[in-house]
Amino acid sequence: WTIDDDQPVFSPAVARMLHYIDQNLKQAIDVEELSAVSNMSVRSIYNAFSKSFSITPKCYVKQRKLQQLRADLLTGRCRNVTEVALDYGFSHLGRFSSDYRKMFGELPSETLRMAG
């Protein structure tokens, strides 16, 4: 499953979807788009994400958004948490903070303070 540098190897279709997701993190991405990008059926996409990551495509996209958002907070390029959360499409700020804390064990405002 991996090559020399320990990077997981995915099918070309899955690799295309992952690249697309990473290139479009600030957009809303749905499974239909991923289907168009990968030429896979929606059901096949759910199966591929389940097999590769043990989560749904929507969950994967949210995790990648949160990871990139955290990276943005840590570089100190953001003025405030609300602005960067909205940038990544998190319009429900309470849920965003809760998801962020679940994933990283701290609030986004704490991450921003550490960076500053």
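Reader: Thanks. Where is Asp 72 found?

Author: Asp 72 is found in helix 4, where helices are DSSP runs of H or I with at least four residues, strands are runs of E with at least two, and both are numbered from the N terminus. Before going further, please keep in mind that this is a predicted model, in which local features need pLDDT of at least 70, side-chain atom pairs count only at pLDDT 80 or more, and totals for chains, interfaces and linings use all residues. Residues are numbered from 1 along each chain as its sequence is written, and side-chain values use heavy atoms, with hydrogens and water left out.

Reader: OK, and is Asp 72 buried or exposed?

Author: Asp 72 has a relative accessible area of 8%, so it counts as buried; buried means under 20% relative accessible area, exposed means over 50%, and partly exposed lies in between, with a 1.4 Å probe and protein chains only.

Reader: What does Asp 72 touch?

Author: Leaving out residues up to four places away in sequence, Asp 72 touches Lys 26, Arg 77, Cys 78, Val 84 and Tyr 88, a contact being heavy atoms within 4.5 Å. With Tyr 88 there is also a polar contact of 2.6 Å between the two side chains. That term means a pair of N or O atoms within 3.5 Å; within protein, one must be able to donate a hydrogen and the other to accept it, and residues adjacent in sequence count only if both atoms are side-chain atoms.

Reader: Which other residue of helix 4 could we look at?

Author: Arg 70 is also found in helix 4, and its relative accessible area of 18% is why it counts as buried. Not counting residues up to four places away in sequence, Arg 70 touches Tyr 100, Phe 104, Glu 106, Thr 111 and Met 114.

Reader: How do helix 4 and helix 6 pack?

Author: They pack at an angle of about 85°, with their axes 11 Å apart; the axes are lines fitted to C-alpha atoms, for helices over the stretch in contact, and angles run from 0 to 180 degrees between N-to-C directions. That makes helix 4 roughly perpendicular to helix 6, since angles of 65 to 115 degrees count that way, while under 35 is roughly parallel, over 145 roughly antiparallel and the rest oblique.

Reader: Which residues make that contact?

Author: On helix 4 they are Lys 62, Gln 63, Leu 66, Gln 67, Leu 69, Arg 70 and Leu 73, and on helix 6 they are Phe 96, Asp 99, Tyr 100, Met 103 and Phe 104.

Reader: What about the largest nonpolar core, how many residues has it?

Author: It has 27 residues, and those with the most contacts inside it are Ile 21, Leu 69, Leu 73 and Phe 96. Such a core is a set of buried Ala, Val, Leu, Ile, Met, Phe, Trp, Tyr and Cys residues joined through side-chain atoms within 4.5 Å. Apart from neighbours within four places in sequence, Phe 96 is in contact with Leu 66, Leu 69, Val 81, Ala 85, Phe 90 and Pro 108.

Reader: Changing topic, where is Asn 39, and what is its phi?

Author: Asn 39 is found in the loop between helix 2 and helix 3, and it has a positive phi of about 60° although it is not a glycine. Its relative accessibility of 68% is why Asn 39 counts as exposed.

Reader: And Ser 54, where is its place?

Author: Ser 54 lies in the loop between helix 3 and helix 4, with a positive phi near 60°. Ser 54 is exposed, with a relative accessible area of 63%.
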